[in-house]
Number of protein chains: 2
Amino acid sequence: MAKRVRRRSQPAEALKASAPVLRGRIWIDFRNVAAITEAGADLLEQIEATGSLSEAARRLRFSYRRAWLLLDAMNVRWPGALVTTAVGGKRGGGAKLTPRGRAVLSAYRDLQVQLETMLDHATEAFRRSVDAGGD
Amino acid sequence: MAKRVRRRSQPAEALKASAPVLRGRIWIDFRNVAAITEAGADLLEQIEATGSLSEAARRLRFSYRRAWLLLDAMNVRWPGALVTTAVGGKRGGGAKLTPRGRAVLSAYRDLQVQLETMLDHATEAFRRSVDAGGD
(Lines give C-alpha, C1' and ligand atoms only; values in the text may rest on other atoms or scores of the structure.)
Protein backbone atom coordinates (compact mmCIF):
# COMPACT_ATOMS: atom_id res chain seq x y z
CA MET A 1 0.00 0.00 0.00
CA ALA A 2 1.39 3.37 -0.98
CA LYS A 3 2.12 5.79 1.81
CA ARG A 4 0.08 8.92 2.20
CA VAL A 5 2.22 11.98 1.72
CA ARG A 6 1.43 15.33 3.21
CA ARG A 7 0.88 17.55 0.21
CA ARG A 8 2.99 20.69 0.26
CA SER A 9 0.93 22.32 -2.49
CA GLN A 10 -1.89 23.51 -0.20
CA PRO A 11 -0.84 23.22 3.43
CA ALA A 12 -3.06 25.42 5.59
CA GLU A 13 -0.17 26.67 7.68
CA ALA A 14 1.68 27.95 4.63
CA LEU A 15 -1.17 30.26 3.66
CA LYS A 16 -0.27 32.47 6.57
CA ALA A 17 3.47 31.74 6.68
CA SER A 18 5.51 34.87 6.38
CA ALA A 19 8.78 32.93 6.55
CA PRO A 20 10.15 31.19 3.46
CA VAL A 21 8.84 27.69 2.80
CA LEU A 22 10.84 25.31 0.64
CA ARG A 23 8.82 23.39 -1.91
CA GLY A 24 9.75 20.72 -4.35
CA ARG A 25 8.42 18.30 -6.90
CA ILE A 26 9.86 15.15 -8.36
CA TRP A 27 9.10 13.18 -11.45
CA ILE A 28 10.63 10.30 -13.36
CA ASP A 29 11.65 10.44 -16.99
CA PHE A 30 12.23 7.84 -19.63
CA ARG A 31 14.10 9.16 -22.66
CA ASN A 32 13.60 12.71 -21.37
CA VAL A 33 9.82 12.40 -21.16
CA ALA A 34 7.93 12.25 -17.87
CA ALA A 35 6.80 8.68 -17.16
CA ILE A 36 5.36 9.46 -13.75
CA THR A 37 4.51 12.77 -12.11
CA GLU A 38 2.64 13.71 -8.96
CA ALA A 39 -0.67 13.69 -10.85
CA GLY A 40 0.18 10.28 -12.32
CA ALA A 41 0.96 8.87 -8.89
CA ASP A 42 -2.34 10.26 -7.55
CA LEU A 43 -4.16 8.59 -10.44
CA LEU A 44 -2.47 5.23 -9.81
CA GLU A 45 -3.35 5.49 -6.13
CA GLN A 46 -7.01 6.13 -6.85
CA ILE A 47 -7.17 3.34 -9.44
CA GLU A 48 -5.73 1.02 -6.77
CA ALA A 49 -8.35 2.27 -4.31
CA THR A 50 -11.38 2.15 -6.62
CA GLY A 51 -10.59 -0.40 -9.34
CA SER A 52 -12.00 2.05 -11.87
CA LEU A 53 -10.44 4.73 -14.06
CA SER A 54 -13.62 6.82 -14.21
CA GLU A 55 -14.10 6.67 -10.44
CA ALA A 56 -10.42 7.53 -9.91
CA ALA A 57 -10.82 10.53 -12.25
CA ARG A 58 -13.96 11.66 -10.43
CA ARG A 59 -12.24 11.56 -7.03
CA LEU A 60 -9.32 13.62 -8.36
CA ARG A 61 -11.63 16.03 -10.20
CA PHE A 62 -9.85 15.18 -13.44
CA SER A 63 -11.90 14.97 -16.62
CA TYR A 64 -12.13 11.39 -17.85
CA ARG A 65 -10.20 12.49 -20.91
CA ARG A 66 -7.37 13.90 -18.81
CA ALA A 67 -7.19 10.75 -16.67
CA TRP A 68 -7.25 8.49 -19.72
CA LEU A 69 -4.48 10.43 -21.49
CA LEU A 70 -2.37 10.51 -18.33
CA LEU A 71 -2.74 6.77 -17.83
CA ASP A 72 -2.08 6.04 -21.49
CA ALA A 73 1.10 8.14 -21.40
CA MET A 74 2.34 6.27 -18.33
CA ASN A 75 1.52 2.88 -19.82
CA VAL A 76 3.22 3.70 -23.13
CA ARG A 77 6.30 5.39 -21.73
CA TRP A 78 7.04 2.83 -19.07
CA PRO A 79 8.55 -0.40 -20.41
CA GLY A 80 5.63 -2.53 -19.26
CA ALA A 81 2.10 -1.41 -18.38
CA LEU A 82 1.36 0.02 -14.95
CA VAL A 83 -2.38 -0.57 -15.22
CA THR A 84 -4.48 -3.16 -17.04
CA THR A 85 -8.03 -2.38 -18.02
CA ALA A 86 -10.83 -4.88 -18.59
CA VAL A 87 -13.76 -4.41 -20.94
CA GLY A 88 -17.25 -5.35 -19.75
CA GLY A 89 -18.09 -6.80 -16.35
CA LYS A 90 -20.87 -5.67 -14.05
CA ARG A 91 -19.51 -2.13 -13.77
CA GLY A 92 -18.54 -1.86 -17.42
CA GLY A 93 -14.92 -2.86 -17.04
CA GLY A 94 -12.32 -2.04 -14.47
CA ALA A 95 -8.74 -0.96 -14.01
CA LYS A 96 -6.10 -2.66 -11.93
CA LEU A 97 -2.50 -1.95 -11.12
CA THR A 98 0.05 -4.46 -12.36
CA PRO A 99 2.85 -5.56 -9.99
CA ARG A 100 5.03 -3.01 -11.81
CA GLY A 101 2.39 -0.34 -11.28
CA ARG A 102 2.32 -1.01 -7.55
CA ALA A 103 6.14 -1.00 -7.39
CA VAL A 104 6.37 2.30 -9.28
CA LEU A 105 3.71 3.95 -7.13
CA SER A 106 5.30 2.77 -3.90
CA ALA A 107 8.79 3.85 -4.99
CA TYR A 108 7.48 7.26 -6.09
CA ARG A 109 5.77 7.82 -2.72
CA ASP A 110 8.99 6.82 -0.94
CA LEU A 111 10.83 9.43 -2.98
CA GLN A 112 8.29 12.06 -2.03
CA VAL A 113 8.81 11.25 1.64
CA GLN A 114 12.57 11.60 1.16
CA LEU A 115 12.08 14.93 -0.58
CA GLU A 116 9.76 16.24 2.14
CA THR A 117 12.27 15.24 4.82
CA MET A 118 15.06 17.01 2.96
CA LEU A 119 12.94 20.15 2.48
CA ASP A 120 11.89 20.23 6.13
CA HIS A 121 15.51 20.01 7.27
CA ALA A 122 16.66 22.52 4.69
CA THR A 123 14.00 25.10 5.54
CA GLU A 124 15.51 25.94 8.91
CA ALA A 125 19.06 26.07 7.54
CA PHE A 126 17.85 28.27 4.69
CA ARG A 127 16.12 30.73 7.00
CA ARG A 128 19.27 31.02 9.10
CA SER A 129 21.61 31.54 6.14
CA VAL A 130 19.35 34.14 4.54
CA ASP A 131 18.88 36.01 7.81
CA ALA A 132 22.67 36.10 8.12
CA GLY A 133 22.85 37.71 4.68
CA GLY A 134 20.03 40.15 5.40
CA ASP A 135 20.65 43.76 4.60
CA MET B 1 30.09 32.89 -5.47
CA ALA B 2 27.17 30.63 -6.27
CA LYS B 3 27.95 27.07 -7.22
CA ARG B 4 27.36 25.86 -10.72
CA VAL B 5 24.80 23.11 -10.74
CA ARG B 6 24.60 20.49 -13.43
CA ARG B 7 21.22 21.08 -15.00
CA ARG B 8 19.05 18.01 -15.09
CA SER B 9 16.65 19.55 -17.56
CA GLN B 10 18.79 18.86 -20.64
CA PRO B 11 21.56 16.41 -19.76
CA ALA B 12 22.97 14.85 -22.94
CA GLU B 13 23.18 11.38 -21.41
CA ALA B 14 19.49 11.41 -20.54
CA LEU B 15 18.45 11.91 -24.15
CA LYS B 16 19.44 8.33 -24.84
CA ALA B 17 18.74 6.88 -21.38
CA SER B 18 16.31 3.99 -21.53
CA ALA B 19 16.37 3.55 -17.75
CA PRO B 20 14.30 5.78 -15.49
CA VAL B 21 15.90 9.08 -14.49
CA LEU B 22 14.68 10.88 -11.40
CA ARG B 23 14.17 14.60 -11.81
CA GLY B 24 13.22 17.28 -9.40
CA ARG B 25 12.75 20.98 -8.96
CA ILE B 26 12.67 23.15 -5.88
CA TRP B 27 11.40 26.61 -5.23
CA ILE B 28 10.80 28.82 -2.24
CA ASP B 29 7.48 30.36 -1.33
CA PHE B 30 6.43 33.30 0.75
CA ARG B 31 2.74 33.31 1.63
CA ASN B 32 2.19 30.49 -0.88
CA VAL B 33 3.69 32.42 -3.80
CA ALA B 34 7.02 31.53 -5.38
CA ALA B 35 9.72 33.96 -4.27
CA ILE B 36 12.55 32.18 -6.03
CA THR B 37 12.51 29.50 -8.71
CA GLU B 38 15.16 27.96 -10.92
CA ALA B 39 14.70 30.72 -13.51
CA GLY B 40 14.94 33.36 -10.79
CA ALA B 41 18.18 31.89 -9.48
CA ASP B 42 19.60 31.83 -13.01
CA LEU B 43 18.66 35.48 -13.40
CA LEU B 44 20.30 36.45 -10.10
CA GLU B 45 23.42 34.57 -11.12
CA GLN B 46 23.68 36.38 -14.45
CA ILE B 47 23.02 39.76 -12.85
CA GLU B 48 25.88 39.00 -10.44
CA ALA B 49 28.09 38.02 -13.40
CA THR B 50 27.23 40.93 -15.71
CA GLY B 51 26.03 43.78 -13.47
CA SER B 52 23.21 44.38 -15.92
CA LEU B 53 19.62 43.16 -16.14
CA SER B 54 19.46 43.47 -19.91
CA GLU B 55 22.74 41.59 -20.39
CA ALA B 56 21.58 38.92 -17.91
CA ALA B 57 18.33 38.56 -19.89
CA ARG B 58 20.23 38.31 -23.17
CA ARG B 59 22.48 35.53 -21.85
CA LEU B 60 19.48 33.55 -20.60
CA ARG B 61 17.52 34.19 -23.81
CA PHE B 62 14.75 35.78 -21.74
CA SER B 63 12.93 38.79 -23.15
CA TYR B 64 13.77 41.94 -21.21
CA ARG B 65 10.12 42.05 -20.16
CA ARG B 66 10.26 38.52 -18.76
CA ALA B 67 13.49 39.23 -16.89
CA TRP B 68 12.15 42.49 -15.49
CA LEU B 69 8.90 40.92 -14.30
CA LEU B 70 10.75 37.98 -12.76
CA LEU B 71 13.13 40.28 -10.90
CA ASP B 72 10.32 42.58 -9.79
CA ALA B 73 8.35 39.61 -8.43
CA MET B 74 11.38 38.43 -6.47
CA ASN B 75 12.10 41.89 -5.09
CA VAL B 76 8.49 42.44 -4.05
CA ARG B 77 7.83 39.02 -2.56
CA TRP B 78 11.02 38.78 -0.58
CA PRO B 79 11.09 40.88 2.61
CA GLY B 80 13.97 43.05 1.39
CA ALA B 81 15.21 43.53 -2.17
CA LEU B 82 17.53 40.95 -3.75
CA VAL B 83 18.78 43.32 -6.44
CA THR B 84 19.27 47.07 -6.57
CA THR B 85 19.20 48.92 -9.87
CA ALA B 86 20.86 52.23 -10.67
CA VAL B 87 19.65 54.73 -13.24
CA GLY B 88 22.18 56.34 -15.58
CA GLY B 89 25.91 55.64 -15.58
CA LYS B 90 28.09 54.88 -18.59
CA ARG B 91 26.09 51.77 -19.57
CA GLY B 92 22.71 53.32 -18.78
CA GLY B 93 22.36 51.98 -15.26
CA GLY B 94 23.26 48.70 -13.69
CA ALA B 95 21.97 45.98 -11.44
CA LYS B 96 23.65 44.57 -8.39
CA LEU B 97 22.82 41.86 -5.90
CA THR B 98 22.26 42.96 -2.31
CA PRO B 99 23.84 40.92 0.51
CA ARG B 100 20.44 39.28 0.88
CA GLY B 101 20.35 38.54 -2.85
CA ARG B 102 23.72 36.81 -2.66
CA ALA B 103 22.67 34.84 0.43
CA VAL B 104 19.42 33.70 -1.20
CA LEU B 105 21.17 32.69 -4.44
CA SER B 106 23.87 30.78 -2.59
CA ALA B 107 21.37 29.01 -0.33
CA TYR B 108 19.20 28.10 -3.33
CA ARG B 109 22.17 26.60 -5.18
CA ASP B 110 23.12 24.63 -2.07
CA LEU B 111 19.59 23.25 -1.99
CA GLN B 112 19.85 22.23 -5.63
CA VAL B 113 23.07 20.36 -4.89
CA GLN B 114 21.32 18.56 -2.01
CA LEU B 115 18.42 17.67 -4.28
CA GLU B 116 20.71 16.37 -7.04
CA THR B 117 22.60 14.23 -4.53
CA MET B 118 19.34 12.80 -3.23
CA LEU B 119 18.06 12.09 -6.74
CA ASP B 120 21.32 10.44 -7.79
CA HIS B 121 21.22 8.14 -4.78
CA ALA B 122 17.53 7.45 -5.21
CA THR B 123 17.78 6.60 -8.91
CA GLU B 124 19.62 3.34 -8.31
CA ALA B 125 17.32 2.31 -5.46
CA PHE B 126 14.33 3.15 -7.62
CA ARG B 127 15.54 1.07 -10.55
CA ARG B 128 16.09 -1.91 -8.25
CA SER B 129 12.70 -1.65 -6.55
CA VAL B 130 10.85 -1.27 -9.83
CA ASP B 131 12.72 -4.17 -11.45
CA ALA B 132 11.72 -6.29 -8.46
CA GLY B 133 8.09 -5.38 -9.10
CA GLY B 134 8.37 -5.96 -12.84
CA ASP B 135 5.80 -8.20 -14.41
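Please keep in mind that the model you are looking at is predicted.

## How the two chains are arranged

Let's start with the overall arrangement. Two copies of a chain are related by a rotation about an axis and a shift along it. Here, chain B is superposed on chain A by a rotation of 180°, with a shift of 0.0 Å along the axis and an RMSD of 0.0 Å. The two copies are thus related as by a two-fold rotation axis.

Which residue of chain B comes closest to the rotation axis? That residue is Arg25(B), whose C-alpha lies 2.7 Å from the axis. As for the interface, 100% of the interface residues of chain B are also interface residues in chain A, so the copies meet through the same surface.

Searching the whole structure turns up twelve salt bridges over all chains. One of them pairs Glu45(A) with Arg109(A), with 3.1 Å between the closest N and O atoms. Glu45(A) sits in helix H2 (residues 38–50) of chain A and Arg109(A) in helix H5 (residues 99–132) of chain A, so this pair ties together parts that are 64 residues apart in sequence.

Now to helix H3 (residues 53–60). In chain A, Glu55(A) forms a salt bridge with Arg59(A), the closest N and O atoms being 3.6 Å apart. Both residues lie in helix H3 of chain A, four residues apart, about one turn of the helix. Glu55(A) is partly exposed at a relative accessible area of 24%, and Arg59(A) is partly exposed at 48%.

In chain B, the side chains of Arg59(B) and Glu55(B) meet in a salt bridge at 3.6 Å, N to O. Because Arg59(B) and Glu55(B) are four residues apart in helix H3 of chain B, about one helical turn separates them. Arg59(B) has 48% relative accessibility and counts as partly exposed, while Glu55(B) is partly exposed with a relative accessible area of 23%.

## A shared network

Finally, back to chain A: Asp42(A), Glu45(A) and Arg109(A) are joined into one network by salt bridges that share partners.

Definitions and conventions
Residues are numbered from 1 along each chain as its sequence is written. Chains are lettered from A and ligands numbered from 1 in the order in which they are written. This is a predicted model: local features need pLDDT of at least 70, side-chain atom pairs count only at pLDDT 80 or more; totals for chains, interfaces and linings use all residues. Side-chain values use heavy atoms; hydrogens and water are left out. Copies are superposed by least squares on the C-alpha atoms of residues with pLDDT of at least 70 in both. Contact means heavy atoms within 4.5 Å. A salt bridge is a side-chain nitrogen of Lys or Arg within 4 Å of a carboxyl oxygen of Asp or Glu. Helices (H or I, at least four residues) and strands (E, at least two) are DSSP runs, numbered from the N terminus. Buried means under 20% relative accessible area, exposed over 50%, partly exposed in between (1.4 Å probe, protein chains only).
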